[in-house]
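The tour goes stop by stop: select, look, move on.

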Amino acid sequence: MTELRVAEVIEETPDAVSLVLDAELDYAPGQFLTFRLPNGLERCYSLSSSPYTGEKPTVTVKRMPGGECSSWICSSVVAGTVLEARPPAGLFTPPSLDQDLVLFAGGSGITPVMSIVKSALAAGSGRLVLFYANRDPSSVIFAGELRRLASEHPDRLQVTHWLECLQGIPSPAQLAAWAAPFVMRAAFVCGPGPFMDAVVGVLPSARVERFDVVDLRDEASARILFGPGQAATHTSHDDAFLALRDGADRFTDHGGPPPEYMVCVQPDAGEVSKSTLAARVLDTLRAWQARPDQVGIVEGIPGFDREVYALIEHELPGARFYPFSAVWADGLPLAAHQKWISTRFHLHLLAAAAGAGGVAISVHSRYYATKHQSLIDLGSGWTLTDPTEDSAPPPPPKPGGFSARSLRRYADRKAELARSIYLPAKVAVR
Ligand SMILES: Cc1cc2nc3c(=O)[nH]c(=O)nc-3n(C[C@H](O)[C@H](O)[C@H](O)COP(=O)(O)OP(=O)(O)OC[C@H]3O[C@@H](n4cnc5c(N)ncnc54)[C@H](O)[C@@H]3O)c2cc1C
């Protein structure tokens with residue numbers, strides 16, 4: 001704990017004060033201080049000042065009705081009061097001040113957001129939009145300062161004030177409509193719980209700041225959350241790669257030779273009917289001149305993945321069905337010479353890791369197609385087909401799958417992430 005002397009108390013609104021601290025603090029925009037108050041209780045208050053503008057460190061405290069510490073601060077702290085505090089902390093801080101941001105603040109949630117706004121305008125080049133919700137005009141903290149900043153930086157800061165007394169509580173639809181042009185930007189949200197939940201519900205990127213580590217399977221998802229430039233740094237691909245450093249050989253020991261043609265088709269993904277999928281699988285196997293006794297059917301999810309097969313079973317006498325229980329007990333019947341047809345992502349991943357070629361059937365254009373495409377981009381060598389658009393069956397795939405080098409690279413990247421989470425240097429074992 002350090003002792004911090006209050007240099008000045010500024011009345012921001014009838015129920016909020018700023019405490020200007022006579023101190024040199026090393027902090028990032030959006031961080032907070034934890035104060036231990038004379039009653040022995042500890043409370044966190046965010047710095048509303050910017051470390052880039054030369055101003056003194058300042059926290060802003062709103063009196064919470066019935067709140068013990070905020071009431072004491074708002075009524076009893078004066079210039080000269082000495083408060084005990086822990087050093088600045090917190091991760092509510094943008095990685096770059098040059099990034100375009102979308103900011104949401106509700107009530108006293110403006111405090112860390114104000115620090116980010118002032119810092120970005122003073123020391124960065126990012127463009128900022130702020131949605132700022134309050135009960136009524138008298139409760140708007142920093143109204144004048146925001147007006148001044150917006151008029152000084154008309155191209156970089158836009159502020160939308162939302163007053164509950166006039167407009168009601170912002171609905172998810174209203175928040176979504178306001179945020180629509182900015183969904184690709186990194187988002188920062190601070191305010192009462194229900195306000196934060198409503199924003200996070202409509203803006204995927206707002207979820208990010210709630211987590212210390214965000215890791216994604218594909219860059220398409222990362223672009224939505226972090227923007228194009230940042231996507232690659234948050235994408236270490238699927239967790240299954242962790243186990244595939246040396247390929248997927250250990251899944252091949254199934255007892256009996258693995259079939260040459262393999263099928264795993266799910267019925268439960270929405271956009272494509274079971275009969276369309278069944279016809280597509282049959283047409284494809286025929287186009288590849290696969291004999292029924294050379295075909296294996298894998299059940300990825302018990303019960304479900306038998307449904308499409310049930311429609312074509314009579315056309316495939318002698319095909320071998322691998323129920324989920326057999327896969328669970330003996331592993332997948334994988335081999336490098338195989339040709340796969342799969343709607344399932346993990347079957348695509350594992351078969352390609354064993355060196356098998358294949359065709360991924362997209363059963364959902366905005367979900368499964370993205371997932372399969374991410375594996376193709378990583379070098380699975382498979383092709384992606386949409387049975388609702390492509391009329392002719394795809395040509396037989398070539399074997400290959402992921403190269404040994406790629407698999408090692410993906411596994412190493414996952415292992416590095418796992419180490420950073422589970423074995424951080426700062427963890428001390430007593
Ligand atoms: C990281 C972080 C940053 C923060 N930054 C800021 C900031 O910049 N500015 C700011 O103003 N606040 C900020 N806060 C909130 C702040 O830390 C305090 O939580 C807030 O000031 C309330 O503290 P209090 O002691 O006044 O209220 P408390 O005494 O803790 O009471 C909180 C609420 O609970 C009710 N309550 C208390 N006891 C009971 C009971 N027995 N039964 C039922 N209800 C009860 C009270 O009426 C009150 O409404 C931040 C919090 C965090 C975690």
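Start by selecting E3 and strand E6 (residues 82–89): 4 bridges join them, and they run antiparallel. Strands (E, at least two residues) and helices (H or I, at least four) are DSSP runs, numbered from the N terminus. Two strands count as paired if DSSP finds at least two bridges between them.

Before going further, two ground rules. Residues are numbered from 1 along each chain as its sequence is written. This is a predicted model, in which local features need pLDDT of at least 70, side-chain atom pairs count only at pLDDT 80 or more, and totals for chains, interfaces and linings use all residues.

**Stop 1: along E3 and E6.** Select phenylalanine 32. Its bridge partner in E6 is alanine 89. Now pick threonine 34, which stands opposite arginine 86 in E6.

**Stop 2: the E3–E4 hairpin.** E3 and E4 pair in the antiparallel sense, over 5 bridges. Arginine 36 has glutamate 42 in E4 as its bridge partner. The two strands form a hairpin with 5 residues between them. Click glycine 40 in the turn: its phi is positive, about 90°.

**Stop 3: asparagine 39.** Stay in the loop between strand E3 (32–36) and strand E4 (42–46), where asparagine 39 is found. Is asparagine 39 buried or exposed? Asparagine 39 counts as exposed because it has 9 C-beta neighbours inside 10 Å. The scale: buried is 20 or more other C-beta atoms within 10 Å of the residue's own, exposed is 12 or fewer, and partly exposed is in between, with C-beta atoms placed from the backbone. Leaving aside neighbours within four places in sequence, asparagine 39 is in contact with Glu68 and Trp72. Contact means C-beta atoms, placed from the backbone, within 7 Å. Asparagine 39 and lysine 118 are 79 residues apart in sequence and 33 Å apart in space, C-alpha to C-alpha.

**Stop 4: the other side of E6.** Select strand E1 (residues 2–13). 4 bridges join E1 to E6, again antiparallel. Arginine 5 stands opposite valine 82 in E6. E1 and E2 pair in the antiparallel sense over 6 bridges, and they form a hairpin with 2 residues between them. Isoleucine 10 stands opposite serine 18 in E2.

**Stop 5: the whole sheet.** Show 6 strands together. They form an open sheet in the order E4-E3-E6-E1-E2-E5, with antiparallel pairing. E4 and E5 stand at the edges, each with a single partner strand, so one side of each is left without a neighbour in the sheet. The twist averages 40° from one strand to the next.

**Stop 6: H1 and the ligand.** Select H1. H1 lies across strand E2 (16–21), E4 and E5, and runs at about 115° to E5. Axes here are lines fitted to C-alpha atoms, for helices over the stretch in contact, and angles run from 0 to 180 degrees between N-to-C directions. Now show the ligand. E4, strand E5 (58–62) and helix H1 (68–76) each supply at least two residues of its shell. Which of the 19 residues around the ligand come nearest? They are Gly66, Gly67, Cys69, Ser70 and Thr111.

**Last stop: zoom out.** Colour by domain. The assignment gives domain 1 (2–89), domain 2 (101–234) and domain 3 (248–401). These bounds come from an automatic or database domain assignment. The centres of domain 1 and domain 3, taken over C-alpha atoms, are separated by 61 Å.

Conventions:
Two residues are in contact if their C-beta atoms, placed from the backbone, lie within 7 Å. A residue is near a molecule or strand if its C-beta atom, placed from the backbone, lies within 6 Å of it.
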